[in-house]
There are 2 protein chains.
Amino acid sequence: MDYTQMSREELQQALDEQNKVLKEIKKRKISLDISRGKPSAEQLDVTMPMLDMVGSTTIFPKPDYRNYGGLEGIPELRALFAKMLGVEKDETIVGGNASLQLMYDTIQRAMQFGVCGSKPWNEGKVKFICPVPGYDRHFAICQHFGIEMINVPMTPAGPNMDLVERLVADDESVKGIWCVPKYQNPTGYTFSDETVERLAKMKTAAKDFRIFWDNAYCVHDLYEQGDKLANIMAIAKEAGTADRIYEFASTSKITFAGAGVAVMAASKNNIADTLSHMKFQTIGFNKVWQYVHYLYLQSTENIAAIMAKQAALIRPKFEKFEEVFSEEFGSGSGIARWTKPRGGYFISLDVLDGCAKEVGRLCKSVGLTITGVGDTFPYGIDDRDSNIRIAPTYASEEEFAEALQVLVCCIKVACISKLIGKSEE
Amino acid sequence: MDYTQMSREELQQALDEQNKVLKEIKKRKISLDISRGKPSAEQLDVTMPMLDMVGSTTIFPKPDYRNYGGLEGIPELRALFAKMLGVEKDETIVGGNASLQLMYDTIQRAMQFGVCGSKPWNEGKVKFICPVPGYDRHFAICQHFGIEMINVPMTPAGPNMDLVERLVADDESVKGIWCVPKYQNPTGYTFSDETVERLAKMKTAAKDFRIFWDNAYCVHDLYEQGDKLANIMAIAKEAGTADRIYEFASTSKITFAGAGVAVMAASKNNIADTLSHMKFQTIGFNKVWQYVHYLYLQSTENIAAIMAKQAALIRPKFEKFEEVFSEEFGSGSGIARWTKPRGGYFISLDVLDGCAKEVGRLCKSVGLTITGVGDTFPYGIDDRDSNIRIAPTYASEEEFAEALQVLVCCIKVACISKLIGKSEE
C-alpha cells in the first residue's frame with residue numbers, strides 16, 4: 001500500500017496501530033545494535049584455525065620475521081595481496097591491522113609533506129569529493145584535517161561522473177576522492193566499468209590529485225556470482241595515470257576485524273614516496289602476524305573458500321532484510337526504498353524525506369541502536385534527512401530479525417506522522 | 001701503553017704491525033654486523049613459548065578481542081604496563097608493534113594539531129633538545145619534520161641540566177627534549193634522581209613543552225642489581241607538570257623485536273588529547289596480539305624472569321667488550337674510551353678525535369658493519385668525529401669476539417695514523 005496516497009483517516013488509523021506495536025516493543029526492553037559493520041562472533045569463529053598456524057616450534061623464514069626490518073611487509077603476503085588486487089608485488093605495502101591507519105597516514109603525509117614531491121597540502125586549500133551516502137570514517141578523517149568535502153551523489157554505477165569530472169577539471173584545490181568501489185558502504189553498489197575508466201582517465205586540474213580506492217570489500221561476495229569490479233590500476237597504467245591511485249584493503253572482514261592485516265597498493269612511484277616517509281615512523285610492521293596470515297590464507301583460491309564460509313553466515317541476514325522490507329514496503333509504499341547488495345557489509349535505506357532522524361530517535365527510545373542518522377554524509381548532514389545505513393552482520397539472525405521488526409515499526413510511525421503533518425499544512 | 005706519548009718511530013712500528021693484522025683480516029673475507037640494536041636469534045628463541053599462548057580453542061575475553069574496538073588497548077595489558085612503568089592504568093595506551101610509531105605519531109599530531117589545545121607546531125619554529133650522543137631514529141624524526149635540533153652533551157648523570165634548563169627557560173620555540181633515561185642509547189648511562197627531578201620541575205618558556213621519555217630499556221638490566229631510574233611521572237604529578245611528559249616503552253626487546261607491543265604512558269589530559277586524534281586513525285590496535293602478550297608476560301615478576309634469561313644471553317657480549325677493550329686500550333691508551341653499561345643494548349665508544357669516520361671506513365673495507373659514524377648525533381654530524389656506537393647483541397658470541405678483534409685493529413690503524421700525521425704537522 002502506498003502511504004502517500006492514503007487519506008488523513010487511513011493514515012491516522014495506521015499510525016494508531018503502529019503506536020500500539022511500538023508500545024509493546026518498548027515493554028520488551030530490548031537492547032539491539034545494527035549500527036556498525038562488525039562481524040558476528042560466528043564469523044570470527046571461522047578464523048580460529050588461524051591461531052594454530054604458528055607455535056613454539058615454528059621456524060620462521062629469513063631474514064628472521066621475528067626481528068626488526070621488512071618495512072614493506074613479508075614477500076609471501078605482498079605477493080598474495082597483489083594477486084588479490086590485480087597489481088604487482090612491488091606495488092604493495094603490507095601494514096598493521098588497520099587499513100584505516102594506512103589511509104589516515106597517507107592523508108597526513110600528504111598534508112605534511114605533499115605527494116611525490118608536490119607542495120604539502122597543508123599549504124593551501126584542500127577539497128575532497130565524497131560520494132554520498134558514503135563511509136563515515138572517511139568523512140571524519142577529512143573533517144579532522146579541515147579538508148572541505150564536496151558531496152557527489154552515488155548512483156548504481158558509482159558516483160555521478162559528470163559531476164566528478166567537472167569538479168576535478170575546474171578546481172586545483174580538489175585533491176582527492178574517496179571511493180569504496182565494490183559493494184560501496186553503505187549502498188552496496190559496485191562501480192561500473194565505465195565509471196572506473198572515467199576515474200582513471202579524467203583530466204584533473206591538480207597534478208597531485210589522488211583517488212583513495214578503499215577496496216574494503218574486494219572479495220566479499222555474498223553469492224558465487226559476485227559483482228565484477230574493473231581493475232583501476234591496470235587501466236590507469238595504460239592511461240599513464242597510475243600515480244593517481246592509492247588502493248587499500250585489509251583482512252579485517254576476512255580474518256579478525258580487530259586483528260587482521262592491511263595492505264596498500266600503489267604505483268612504484270607512490271610506494272617509494274610512501275616508504276620514504278614511513279621509514280621514519282616504523283622499522284616495520286608485525287611480520288609474525290603477517291606470516292600467521294599468510295599461512296592461513298595461502299592463496300586467492302583459499303581466500304575465496306574462506307569468504308564463501310563468511311557469506312554463508314551473512315547472506316541469510318541480507319536476505320531477511322529483503323524479505324521483511326519487501327513484505328512491509330514492497331510495491332510502492334512511498335515511504336521506504338533500499339538497495340539489494342550482492343556483497344559487502346551494508347544496505348542503504350532511504351525513508352521518506354525528513355523522517356530519518358525521527359526513525360533514529362524512535363529506535364533509540366525502544367533500545368535499538370542504528371548507525372547515527374546523517375553519518376553517511378559529510379559533516380553528518382543529510383540534507384534530505386532520509387538515509388539510514390543498515391549493518392546486518394553483527395547481530396545474530398534472530399536478533400537481526402527482531403531488530404528489523406522494530407525498525408519497520410519506527411519507520412512507519414515516523415513516516416506516517418510526517419504524512420499526517422503534511423496533510424495538515 | 002699511551003699511544004699519544006709514543007715517538008714517531010714507535011708509532012710507525014705499531015702501525016706497521018696493525019696494518020699486517022688488517023691485511024690478514026681482509027683475507028678472511030668476513031661479513032659481520034654490529035651496527036643495530038637487534039636481538040640475536042637465541043634471544044628471540046626465548047620468546048617462542050609465547051606462540052603457544054592462543055590457539056583455535058582459545059576463548060577471548062569480552063568485548064571480543066577479535067573484533068573491532070578498544071582503541072586504548074586491552075585492560076589486562078594496560079594494567080601490566082602501567083605497573084611496569086609506575087603509572088596508572090588509565091594513563092596508558094597500548095598500541096601496535098612499534099613504540100617508534102607512537103613517538104612519530106605523537107610528534108606528527110603535535111605538528112598538525114598542537115598538544116592539548118596549543119597552536120599546531122607547524123605554525124612556528126620548533127626546536128628540540130637532543131642529548132648527544134643519542135638515538136639516531138629520534139634525530140631522524142626531527143630532521144624529517146624540520147625540527148631544529150640543539151645538542152646537549154650527555155654526562156653519566158644524564159644530559160647537562162644547566163644547559164637544558166637555560167635552553168627551555170629562554171626560548172619558547174624549544175618544544176621538546178628526547179630522553180632515553182635508563183641505559184641511554186648509546187652511552188648506557190641512567191639519568192640520576194637529580195636529573196629526573198630537574199627535568200620534571202624546570203621552568204619552560206613553552207607552555208606546550210614536552211619531554212619524550214623513551215624508556216626503551218626500563219626492565220633491560222644485565223645484572224640483578226640494575227640501575228634505578230626515578231619515576232618521572234610521580235615527581236611531575238607532585239610538581240604539577242604531569243602534562244609535560246610522554247613516556248614510551250615496548251616489548252620489542254622483551255618478546256619479539258619486530259612483533260612486540262608498544263605502550264605510551266602520559267597524564268590523563270595527554271591520553272585524552274591523544275585519543276581524540278587517534279580515533280580518526282584507527283578503530284583499535286591488534287588486541288589478539290596484545291592478549292597473546294598478556295598471557296605470556298603475566299606479571300612484572302615474570303617480566304623480570306624473562307629479562308634475566310635475555311640478560312644471560314647478552315651479558316657475555318658486553319663483558320667480552322670490556323675484557324677486550326680493557327686489555328687493548330686499558331690503562332690510558334689515549335686513543336679509546338668507552339662506557340660500561342649495566343643494561344640496555346649499546347656501548348658508547350669514543351676514539352681519538354678525528355678518527356671515527358676512518359675507523360668506520362676501515363671496518364667496512366674488511367667486512368665489518370658498524371653503526372654509521374656520526375649517526376649518534378643530530379644531522380649525522382659528530383663535530384669531534386670520535387663517537388662510535390657498539391651494538392653487541394645481534395652477533396653470536398663468537399662473531400662478536402671476532403668483530404671486536406677487527407674493530408680493535410681498525411681503531412689502532414686509524415688513530416696511530418692520525419697521531420703520526422699530527423707529529424708531522
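I take helices (H or I, at least four residues) and strands (E, at least two) as DSSP runs, numbered from the N terminus.

**Ground rules**

I am working on a predicted model, where local features need pLDDT of at least 70, side-chain atom pairs count only at pLDDT 80 or more, and totals for chains, interfaces and linings use all residues. Residues are numbered from 1 along each chain as its sequence is written, chains are lettered from A and ligands numbered from 1 in the order in which they are written, and side-chain values use heavy atoms, with hydrogens and water left out.

**Entry: cis peptides and a positive phi**

I looked up where Pro186(B) sits. Pro186(B) falls in the loop between β6 (174-179) and α7 (193-201) of chain B. The bond joining Asn185(B) and Pro186(B) is a cis peptide, with omega about 10°. I then checked chain A. There the peptide bond from Asn185(A) to Pro186(A) is cis, with omega near 10°. Pro186(A) lies in the loop between β6 (174-179) and α7 (193-201) of chain A.

I also noted Cys116(A). Its phi is near 50°, a positive value in a residue other than glycine. Cys116(A) belongs to the loop between α4 and β3 (127-132) of chain A. For background, most residues other than glycine have a negative phi, and most peptide bonds are trans.

**Entry: two domains in chain A**

Domain 1 of chain A covers 3-43 + 308-423, and domain 2 covers 61-298. Their C-alpha centres lie 31 Å apart.

I next looked up contacts (heavy atoms within 4.5 Å). In chain A, 25 residues of domain 1 are in contact with 30 residues of domain 2. I then took buried area, the accessible area (1.4 Å probe) that two parts lose on being put together, summed over both. Domain 1 and domain 2 of chain A bury about 2,400 Å² between them, with 58% of it on carbon and sulfur atoms. In domain 1 of chain A, the residues losing the most area to domain 2 are Arg342(A), Pro378(A) and Tyr379(A), together 29% of what that side buries.

I searched for salt bridges (a side-chain nitrogen of Lys or Arg within 4 Å of a carboxyl oxygen of Asp or Glu). The rule finds one across the interface of domain 1 and domain 2 of chain A. Arg36(A) and Asp136(A) meet through their side chains in a salt bridge at 2.8 Å, N to O.

I counted polar contacts too. The term means a pair of N or O atoms within 3.5 Å; within protein, one must be able to donate a hydrogen and the other to accept it, and residues adjacent in sequence count only if both atoms are side-chain atoms. Between domain 1 and domain 2 of chain A, 13 residue pairs are in polar contact, both at pLDDT 80 or more. On the domain 1 side, α11 (300-329), β11 (347-351) and β13 (387-390) of chain A each supply at least two residues. α11(A) gives the most to that side, with six residues.

**Entry: chain A against chain B**

I moved to the chain interface. Here 55 residues of chain A are in contact with 55 residues of chain B. The area buried between chain A and chain B is about 4,800 Å², and carbon and sulfur atoms give 56% of it. In chain A, Arg66(A), Tyr68(A) and Phe280(A) lose the most area to chain B, together 17% of what that side buries.

The rule finds two salt bridges across the interface of chain A and chain B. I noted the one between the side chains of Asp45(A) and Arg66(B), at 2.8 Å, N to O. The count of residue pairs in polar contact between chain A and chain B is 24. Several helices of chain A each supply at least two residues to the side that touches chain B, among them α2 (41-46), α5 (136-144) and α9 (268-281). α4(A) gives the most to that side, with eight residues.

**Entry: symmetry**

I superposed the copies by least squares on the C-alpha atoms of residues with pLDDT of at least 70 in both. Chain A can be laid on chain B with an RMSD of 0.0 Å by a turn of 180° and a shift of 0.0 Å along the axis. The two copies are thus related as by a two-fold rotation axis. I find that 100% of the interface residues of chain A are also interface residues in chain B, so the copies meet through the same surface.

How values were computed: Domain bounds come from an automatic or database domain assignment.
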